[in-house]
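Colleague: Before we discuss this model, could you put it on the screen for me? I would like to ask what lies behind each of the words you use for it.

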Amino acid sequence: MDSGTREQRIQANNERFRGANEAIHEQADRLGADMEQLPFLCECPAEDCVEILTLTREEYADIRKDDERYFTAVGHEDREKPVGEVVERNEGYVVVVKRR
């Protein structure tokens, strides 16, 4: 697979997982979910990834302040190359900047 195709697949997955996570966040807000942490899908580019990560609303909002920031499960960092770069490590998840 050439790098152009890989980068296109990573970007498509970025948008799909971000859209799903935005829907989870909006639904939790709409329902007034009283939860310390909310479940979100790992935003790594692996098509078969089914990791669920838990973030607080504040953690999620902080990541979403920048459209190039995504979060992935710990250990999924290598899947981000060549598009993503780890910029923050937390317990349970890694923040990655993915250039478009």
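Colleague: Where is H76 found?

Modeller: H76 is found in the loop between β3 (69–72) and β4, where strands are DSSP runs of E with at least two residues and helices are DSSP runs of H or I with at least four residues, numbered from the N terminus. This is a predicted model, in which local features need pLDDT of at least 70 and side-chain atom pairs count only at pLDDT 80 or more, while totals for chains, interfaces and linings use all residues. Residues are numbered from 1 along each chain as its sequence is written, and side-chain values use heavy atoms, with hydrogens and water left out.

Colleague: Why is H76 called buried?

Modeller: The relative accessible area of H76 is 7%, and buried means under 20%, exposed over 50% and partly exposed in between, with a 1.4 Å probe and protein chains only, so H76 counts as buried.

Colleague: Which residues does H76 touch, not counting residues up to four places away in sequence?

Modeller: With contact taken as heavy atoms within 4.5 Å, H76 touches C42, C44, C49 and E51, residues up to four places away in sequence not being counted. The C-alpha atoms of H76 and V94, which are 18 residues apart along the chain, are separated by 8.4 Å.

Colleague: Which residues of helix α2 (residues 57–64) are buried, and how do you know on which side of α2 they are?

Modeller: The buried residues of helix α2 are Y60, I63 and R64. They cover an arc of only 95° around the axis, so they are on the same side of α2, the arc being that of the directions from the helix axis to the C-beta atoms.

Colleague: How do the elements of the protein run from the N terminus on, and why is the protein called as compact as a globular protein of that length?

Modeller: The elements run α-β-β-α-β-β-β from the N terminus on, and the secondary structure comes to 2 helices and 5 strands. The radius of gyration is 13 Å, close to the 13 Å that the globule rule gives for 100 residues, so the protein is as compact as a globular protein of that length; the radius is taken over C-alpha atoms, and the rule is 2.2 Å times the number of residues to the power 0.38.
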